[in-house]
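Work through the exercises below with the sequence and the model open. Each task is followed by a stepwise solution.

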Amino acid sequence: MQLHLSRRRLLAALGLAIIGALSLVLTNRKLLRIAQTRLSAPPPMPLIVPREAWGARQPNHDAPNESGFAPVPTSPEWYVYPQPLEYVYYTVAIHHSAALLTSDETVLDIQNLHMDKNGWADVGYHYGIDSNGVIYEGRDIGARGASVAGYNTGTIGIVVMGNFEVDTPLPAQLTAAQTLVNWLTYTYLLTHLAAHREFNNESLCPGANMLPHLDKLAQNAGLQRGTGGYVQPV
């Protein structure tokens, strides 16, 4: 029994050492990103419709699946990042809303779904883009999102409205997404861009018709593709 416990402790220690080494590599990559980004000219900030302009509900911190406030980033409750956000965010995750473009879905519809059906404190995404290419402010950027299960810490969520298993993303949406990603990359010193399904492989999000556009979105913003920027919270 003692040998079994010792082996378990050894494996746990090795696991923590591996996580620590990976975090160090990613931290060094982030520092390099800071240096590279700050040498370039800032991209224009896109026009973003604030929450009050689209009638957002206030966050409900008694929500059944995101109640209270998380004391540490490993807790599942509503978490507000205490450090400067350029040291928090590494990855932007692209989503689709999975509702047909012809449904005329709004950001408020998505918020209602997330709060009333999913039991979250607020809309899960930090930004939304409608069929006209209008960008909307979602969840407070200073708070952890709810868009990629198990990987939300350090990830910015953008939802593009439409079901891109059926619909094709519109030019205005792709232009808005690129403008937003470029600005977020510079502002928060991002390193990676990923599809939701690359984090959660049981998902089809952001749809087969959006996936081919992600490489270009990343390349134009100077980002790497995939989930390699994720840093596990401790």
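**Exercise 1.** State which strands helix α3 lies across, and its angle to β3.

Solution. Helix α3 covers residues 171–188. Helices (H or I, at least four residues) and strands (E, at least two) are DSSP runs, numbered from the N terminus. Helix α3 lies across β1, β2, β3, β4, β5 and β6, and runs at about 160 degrees to β3. Angles run from 0 to 180 degrees between N-to-C directions, with axes fitted to C-alpha atoms, for helices over the stretch in contact.

The model is predicted: local features need pLDDT of at least 70 and side-chain atom pairs pLDDT 80 or more, while totals for chains, interfaces and linings use all residues. Numbering starts from 1 along each chain as its sequence is written, and side-chain values use heavy atoms, without hydrogens and water.

**Exercise 2.** Decide whether Gln-173 is buried or exposed.

Solution. Gln-173 belongs to helix α3. Its relative accessible area is 1%, so Gln-173 is buried (under 20%; exposed is over 50%, partly exposed in between; 1.4 Å probe, protein chains only).

**Exercise 3.** Find the salt-bridge partner of Glu-66 and locate both residues.

Solution. A salt bridge needs a side-chain nitrogen of Lys or Arg within 4 Å of a carboxyl oxygen of Asp or Glu. Glu-66 pairs with Arg-139, the closest N and O atoms being 2.7 Å apart. Glu-66 is in the loop between β1 and β2, Arg-139 in the loop between β4 and β5, 73 residues apart. Both Glu-66 and Arg-139 are buried.

Definitions and conventions. Contact = heavy atoms within 4.5 Å.
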